[in-house]
Amino acid sequence: MYKIREFRLERLNRTRFESSRFDKAILVTGATENHGFHLPMGMDTYAAYAIAERTAAQVEGTLLLPPIHFGVSDGLMPYPFNITMRPETLAKVIFDALESCIVQGIDRLLIVNGHGGNNSAIDVALTWLRREHPGAKVAVSYAWWISGPRLCPPGTFGRENGLGHAGEAETAAGLAIVPELVDMDAAQGEWPARPTEVSIRTTIPEISKTGATGDPTGATREQGEKMIEALSCYLARFLKEMDRTDWRFAREDWDF
Ligand SMILES: [Zn+2]
């Protein structure tokens, strides 16, 4: 169903790049961190990149940048094995990557984030970008593991719509994208109690014995495929709408 053409920057040579007329770019911010006993360390990057790939494939002129594989993962220490960035380090990498695009003429940008720990770094990077390049247009998909299940038909996921670190939605994504890297026999999770109106600052080891939260055991490949398809189609529709309106944000006729 998707057009076969190359849009992954690292795979393009100059001839092919210049014949492609890219006018917007997607940057994936991922992580390399423990995901319970059953999911690969790169799960957040794999999931966000798969969504970004399927989005870019649907929208003419979309350049997909190489993903940033390292994120802010202090909250997973000391489970093996995490590579964590200070938020300011990641913010600088994001800023420099996006600024590189802007100074070369691509100033319509979408971040597809794979990992919740990165949010503060993304916000800081985009605040800097707003000051330095006020004409750039930037949008962010912050949380595929929330947006993806929310865009699926009700009942596709179980408790809390599949939420959790290495929980149902993430495990479903793993089964859909990298099934050979998932060990369902080792999947286990738990539901830590938490207050509803206060956000407590905890690490995963403080609230979980397994390193996973939520319930990964019932996850299926079909759920993962539905979720990835739903979110990538949504993001593609968003980009097409942006193109149609010359990237003017906050329109009254939006039906998103
Ligand atoms: Zn994850």
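**Group meeting: a walk through one predicted chain**

Let me begin with burial: buried residues make up 44% of the 256 residues in the chain. Please keep in mind throughout that this is a predicted model, and that what I describe is computed from its atoms.

In terms of secondary structure, the chain has 8 helices and 4 strands, and from the N terminus on, these elements follow one another as α-β-α-β-α-β-α-β-α-α-α-α. The radius of gyration is 18 Å, close to the 18 Å that the globule rule gives for 256 residues, so the chain is as compact as a globular protein of that length.

Next comes helix α6, residues 168-177, which is mostly covered, since that is how a helix with 10 of its 10 residues buried is classed here. The buried residues include Glu168 and Glu170, along with Thr171 and Gly174, and they also include Ala169, Ala172, Ala173, Leu175, Ala176 and Ile177. Against what do the buried residues of α6 pack? Their partners are α2, α5 (144-150) and α8 (221-244).

The pairing of α6 with α8 can be described in some detail. The two helices pack at an angle of about 90°, with their axes 7 Å apart, which makes α6 roughly perpendicular to α8. On the α6 side the contact is made by Ala169, Ala172, Ala173, Leu175, Ala176 and Ile177, and on the α8 side by Arg221, Gln223, Gly224, Glu225, Met227 and Ile228. Sorted by class, this contact has 8 nonpolar, 2 polar and 2 charged residues.

Two further residues are worth a look for what they touch. Asn113 belongs to strand β3, residues 108-113. Is Asn113 buried or exposed? It is buried, because 25 other C-beta atoms lie within 10 Å, and the cut-off for that label is 20 or more. Not counting residues up to four places away in sequence, Asn113 touches Thr29, Ala48, Asn118, Ile122, Val140, Ser141, Tyr142 and Ala143. The C-alpha atoms of Asn113 and Pro67 are separated by 9.7 Å, although the two residues are 46 residues apart along the chain.

Met242, in helix α8, has 19 C-beta neighbours inside 10 Å and therefore counts as partly exposed. Once its neighbours within four places in sequence are left aside, Met242 is in contact with Arg108 and Trp247. With Arg108 the separation along the chain is 134 residues, while the C-alpha atoms are separated by 9.3 Å.

Most residues other than glycine have a negative phi, and most peptide bonds are trans. Against that background, a cis peptide bond joins Met77 and Pro78, with omega about 5°, and the peptide bond from Pro80 to Phe81 is also cis, with omega near 0°. Pro78 is placed in the loop between β2 (62-64) and α3 (87-103), and Phe81 likewise lies in the loop between β2 and α3.

As for phi, Asn161, in the loop between α5 and α6, has a value near 55°, which is positive in a residue other than glycine. Asn161 is partly exposed, with 19 other C-beta atoms within 10 Å. Asp246 also has a positive phi of about 55° although it is not a glycine, and is found in the segment after α8. With 8 C-beta neighbours inside 10 Å, Asp246 counts as exposed.

Note on methods: Residues are numbered from 1 along each chain as its sequence is written. This is a predicted model: local features need pLDDT of at least 70, side-chain atom pairs count only at pLDDT 80 or more; totals for chains, interfaces and linings use all residues. A residue is buried if 20 or more other C-beta atoms lie within 10 Å of its own, exposed if 12 or fewer, and partly exposed in between; C-beta atoms are placed from the backbone. Two residues are in contact if their C-beta atoms, placed from the backbone, lie within 7 Å. Axes are lines fitted to C-alpha atoms, for helices over the stretch in contact, and angles run from 0 to 180 degrees between N-to-C directions. Angles under 35 degrees count as roughly parallel, over 145 as roughly antiparallel, 65 to 115 as roughly perpendicular and the rest as oblique. Ala, Val, Leu, Ile, Met, Phe, Trp, Tyr, Cys and Pro count as nonpolar, Asp, Glu, Lys and Arg as charged, and the others, Gly among them, as polar. The radius of gyration is taken over C-alpha atoms; the globule rule is 2.2 Å times the number of residues to the power 0.38.
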